[in-house]
Amino acid sequence: MSKVFVMDHPLIQHKIGWIRRKETGSKEFRTLISEIAMLMCYEATRDLKLTDIEIETPICKTTVKELKGKKLAVVPILRAGLGMVDGMLAMIPAAKVGHIGLYRDPQTLKPVEYYCKLPEDCDEREVFVVDPMLATGGSSIAAIQMLKDRGVKNIRFMCIIAAPEGVKAMQEAHPDVDIYIGALDKKLNEHCYIVPGLGDAGDRIFGTK
């Protein structure tokens with residue numbers, strides 16, 4: 001079963017408190033989402049492997065650490081996931097970026113793919129799938145399956161706010177994908193919005209409501 005990490009860092013919790021407020025405008029909301037993503041990335045990459053290499057400082061030769069093995073990629077789920085990309089890249093600037101676009105079919109309520117563009121060597125990378133909200137889990141489950149269908153084996157999922165229903169669905173669908181969460185909320189309401197949540201993350205990031 002996949003591991004679930006709920007962030008307890010005071011700065012992450014403080015900033016999540018600000019994005020929840022309905023009076024927080026789009027400009028501030030975007031900045032905070034990016035900052036939270038950066039802080040979460042710092043926490044979620046804690047177990048990346050290091051290797052020793054020899055370098056030369058201005059004084060002498062010495063041995064230092066650098067990231068070992070797999071390269072990284074960030075794959076936002078469009079469109080709200082875009083808000084987390086800059087914060088992730090601030091921490092791991094060498095990461096490649098892919099994009100996955102999904103919409104929910106109004107009849108079947110199932111996610112439908114409309115866009116997928118990934119780095120050519122994505123199957124050789126450690127991939128962070130990012131989306132601010134994990135509600136029912138439908139989009140995230142579908143996005144991760146799209147990556148697996150394209151040969152990606154090392155996947156982590158990162159969201160800022162999650163509902164228990166979405167976490168459960170994700171663990172059942174993808175027990176090999178660890179989940180990193182900024183805050184785990186109480187439940188979904190009858191409209192599948194996270195409670196207390198923060199409303200529609202995409203609308204608040206892009207000012208479309």
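**Close-up views of a predicted model**

View 1. At a relative accessibility of 44%, leucine 11 counts as partly exposed; buried means under 20% relative accessible area, exposed over 50%, and partly exposed in between, with a 1.4 Å probe and protein chains only. The model is predicted, with local features needing pLDDT of at least 70 and side-chain atom pairs counting only at pLDDT 80 or more, while totals for chains, interfaces and linings use all residues. Residues are numbered from 1 along each chain as its sequence is written, and side-chain values use heavy atoms, leaving out hydrogens and water. Leucine 11 is placed in helix α1. Helices (H or I, at least four residues) and strands (E, at least two) are DSSP runs, numbered from the N terminus. Between leucine 11 and glutamate 35, which are 24 residues apart along the chain, the C-alpha atoms are separated by 9.5 Å.

**View 2. The buried face of helix α1.** Ile12, Lys15, Ile16 and Ile19 are the buried residues of α1. Seen down the helix axis, these residues fall within an arc of 105°, so they line one face of α1. The arc is taken over the directions from the helix axis to the C-beta atoms. The buried residues of α1 pack against α2 (26-44), β10 (154-162), β11 (178-184) and α6 (201-206); contact means heavy atoms within 4.5 Å.

View 3. Lysine 15 lies in helix α1, which covers residues 10-20. Is lysine 15 buried or exposed? Lysine 15 counts as buried because its relative accessible area is 17%. Leaving aside residues up to four places away in sequence, lysine 15 touches Leu32, Glu35, Ile36 and Leu39. With glutamate 35, the side chain of lysine 15 forms a salt bridge of 2.8 Å, N to O. This pair links distant parts of the chain, with lysine 15 in helix α1 and glutamate 35 in helix α2, 20 residues apart. A salt bridge is a side-chain nitrogen of Lys or Arg within 4 Å of a carboxyl oxygen of Asp or Glu. Side chains of opposite charge can pair when their charged atoms come close. Glutamate 35 is partly exposed, at 27% relative accessible area.

**View 4. Arginine 20 and aspartate 185.** In the salt bridge between arginine 20 and aspartate 185, the closest N and O atoms are 2.7 Å apart. Arginine 20 is in helix α1 and aspartate 185 in the loop between β11 and β12, so that the pair, 165 residues apart, links distant parts of the chain. Arginine 20 is partly exposed, with 25% relative accessible area, whereas aspartate 185 is buried at 8%.

View 5. How many salt bridges does a search of the whole structure find? The search finds twelve. Glutamate 172 counts as exposed, at 53% relative accessibility, and lysine 168 counts as exposed at 53%. Elsewhere, salt bridges that share partners join Asp47, Glu126 and Arg156 into one network.

**View 6. Cysteines without a disulfide.** A disulfide is a covalent bond between the sulfur atoms of two cysteines. Here a disulfide is counted as a pair of cysteine sulfur atoms within 2.5 Å, and the count comes to zero. Cysteine 192 is in no disulfide either, the nearest cysteine sulfur being that of cysteine 159, 16 Å away. Cysteine 41 is buried, with 0% relative accessible area, while cysteine 192 is partly exposed at 33%.

View 7. Most residues other than glycine have a negative phi, and most peptide bonds are trans. Cysteine 192, in the loop between β12 (187-188) and β13, has a positive phi, near 65°. From leucine 78 to arginine 79 the peptide bond is cis, with omega near 0°; arginine 79 sits in the loop between β4 (71-78) and α3 (85-91). The bond from valine 195 to proline 196 is cis, with omega near 0°, and proline 196 belongs to the loop between β13 (194-195) and α6.
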